[in-house]
Amino acid sequence: MNDCERVAPTTFAVVGSGKRCRFFLRMAAAAPDRLRATGIVSRNPDRAEPGVPAFRTLDELLARERPDFVAAAVPWPQMPDVARAAVALGVPVLVETPPAPDLDGLRALWSDVGGSGLVQVAEQYLLMPGHAARLAAVRAGSIGDPTAVHVCSTHLYHAVSLVRGLLDVDTDDVVVSARAFTAPLVDPLGFDGWRPDATPEPRTRTIATLDFGGRHGLYDFTENQWWNPLLARTIAVRGTTGELVDDRLVRLVEPETPVESHLVYRRLGIDLNLEGNELDHVSLDGRVLYRNPFRGTRLSEDDIGVAAILEATGTWARGEGPPPYPLAQGCQDHAISLAIGESARTGQDVRVSKEVWA
């Protein structure tokens, strides 16, 4: 949908008033023509945000507002209850990752709301510009059929989402084999900012293979890898005719002729460019794979992914587009991430077979 076709912004209400709530509201503030927060449901109205009406219950909010959907921004144990409450009221809901804390919770949640078709999961990683461009390149057949994915970037269900998406596997059986290793590491930057003490401390690295039978993933994550500037983040996709590693692609185009290409990011605001200060698009061999749908907002790549999942959820809720990330996919991601943890603890392989949401 282009700008001239867009009539009104996606509207959503947030259940919860913590950090994630403010994260969603920040997306609406950055793109007010695209996203609008209509209310916050919180037991503590003192924590409400300026300019956004606060309500004590979801029923109270719905008596005054009718957003496209509600977004859950509550702790893990409360996430299933928010989903159930929204579905009981017939309201589409976007739940956080993971949808429930443990396997029993996932199964119970699916039993209660899986058949409603009203629940999506806020899994934004494949909507982030770099990952979206890689996915487009892979889906276009640039490396043949994908057979293996190595994710050394983010943790658990997010990493599993990347593996499954890039391999194009659904709720297939998977055998997980994981091990954990601990070693000293300098960790100078965290969620709360820079740390003055740069003394190496024990950090755990978890490595796991995900065997989907003919295709496989390699999971590699070190504690605080999101923030630690000393640790590389790598995404590698191997196919039948080539390999894409981060932004470098090599493939065989004819006998004895391997060809190298690169994903190219056009970023604005560099040198004398006065168009703005953000990503414009990502291209490969002169073909644009990804265009920033939120140009003019100066959002980071992670923020773009979150804004995109919010807007896509609104489009789906209005019956104007496909589901962005159905509950079954979020459940599968977390079931596999739980298996990674179990295998790392026990040193044994763990099989994730067909579940109730498959």
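**Burial, salt bridges and strand pairing in a predicted model**

Colleague: Which residues of helix H4 (residues 103-113) are buried?

Modeller: In this predicted model, the buried residues of helix H4 are Gly 105, Leu 106, Leu 109 and Val 113.

Colleague: What makes these buried residues line one face of H4?

Modeller: Viewed along the axis of H4, the buried residues fall within an arc of 100°, so they line one face of the helix. In general, an α-helix has 3.6 residues a turn, so residues three or four places apart point the same way. The exposed residues Asp 104 and Ser 111 are carried by the face of H4 turned away from the buried side.

Colleague: Against which elements do the buried residues of H4 pack?

Modeller: Their packing partners are helix H3 (79-88), strand S6 (119-121) and helix H8 (327-346).

Colleague: Why is Gln 225 called buried?

Modeller: Its relative accessibility is 2%, and the term applies under 20%; Gln 225 therefore counts as buried. This residue is in the loop between strand S12 (216-222) and strand S13 (234-239).

Colleague: What does the side chain of Gln 225 reach?

Modeller: It reaches the backbone oxygen of Cys 152 at 3.4 Å, and the limit for a polar contact is 3.5 Å. Neighbours within four places in sequence aside, the residues in contact with Gln 225 include Cys 152, Ser 153 and Leu 231.

Colleague: Why is S13 said to be largely enclosed?

Modeller: Five of the six residues of S13 are buried, so the rest of the structure largely encloses this strand.

Colleague: What makes S13 a partner of strand S7 (residues 146-152)?

Modeller: Pairing requires at least two bridges, and S7 and S13 are joined by six, in the antiparallel sense. Within this pairing, Arg 238 of S13 is the bridge partner of Ala 148. S13 also runs antiparallel to strand S14 (residues 242-245), with three bridges, where Glu 243 is the bridge partner of Arg 238. S13 and S14 form a hairpin with two residues between them.

Colleague: How do you know that Arg 351 and Asp 173 form a salt bridge?

Modeller: The cut-off is 4 Å between a side-chain nitrogen of Lys or Arg and a carboxyl oxygen of Asp or Glu. The closest N and O atoms of Arg 351 and Asp 173 are 3.7 Å apart, and the pair accordingly qualifies. The two residues link distant parts of the chain, 178 residues apart: Arg 351 is in strand S19 (residues 350-352), and Asp 173 is in the loop between helix H6 (156-167) and strand S8 (174-185).

Colleague: What makes Arg 266 a salt-bridge partner of Glu 275 and of Asp 280?

Modeller: With Glu 275, the N to O distance is 2.5 Å. With Asp 280, the closest N and O atoms are 2.9 Å apart. Asp 280 belongs to strand S17 (residues 279-284) and Arg 266 to strand S16 (residues 257-267). Asp 280 counts as buried at 10% relative accessibility, while Arg 266 at 30% counts as partly exposed, and Glu 275 at 40% is partly exposed.

Colleague: How many salt bridges does the structure hold?

Modeller: There are 25 salt bridges in the structure. Asp 187, Arg 195, Glu 201 and Arg 203 are linked in a network of such bridges.

Colleague: Why is Asp 271 called exposed?

Modeller: Its relative accessibility is 73%, and the cut-off is over 50%; Asp 271 therefore counts as exposed. Asp 271 is in the loop between S16 and S17, and its phi is near 55°, a positive value in a residue other than glycine.

Colleague: Which residues does a cis peptide bond join?

Modeller: The cis bond joins Thr 97 and Pro 98, with omega about -10°. Pro 98 is in the loop between strand S5 (93-95) and H4.

Conventions: Residues are numbered from 1 along each chain as its sequence is written. This is a predicted model: local features need pLDDT of at least 70, side-chain atom pairs count only at pLDDT 80 or more; totals for chains, interfaces and linings use all residues. Side-chain values use heavy atoms; hydrogens and water are left out. Helices (H or I, at least four residues) and strands (E, at least two) are DSSP runs, numbered from the N terminus. Buried means under 20% relative accessible area, exposed over 50%, partly exposed in between (1.4 Å probe, protein chains only). A polar contact is a pair of N or O atoms within 3.5 Å; within protein, one must be able to donate a hydrogen and the other to accept it, and residues adjacent in sequence count only if both atoms are side-chain atoms. Contact means heavy atoms within 4.5 Å. The arc is that of the directions from the helix axis to the C-beta atoms.
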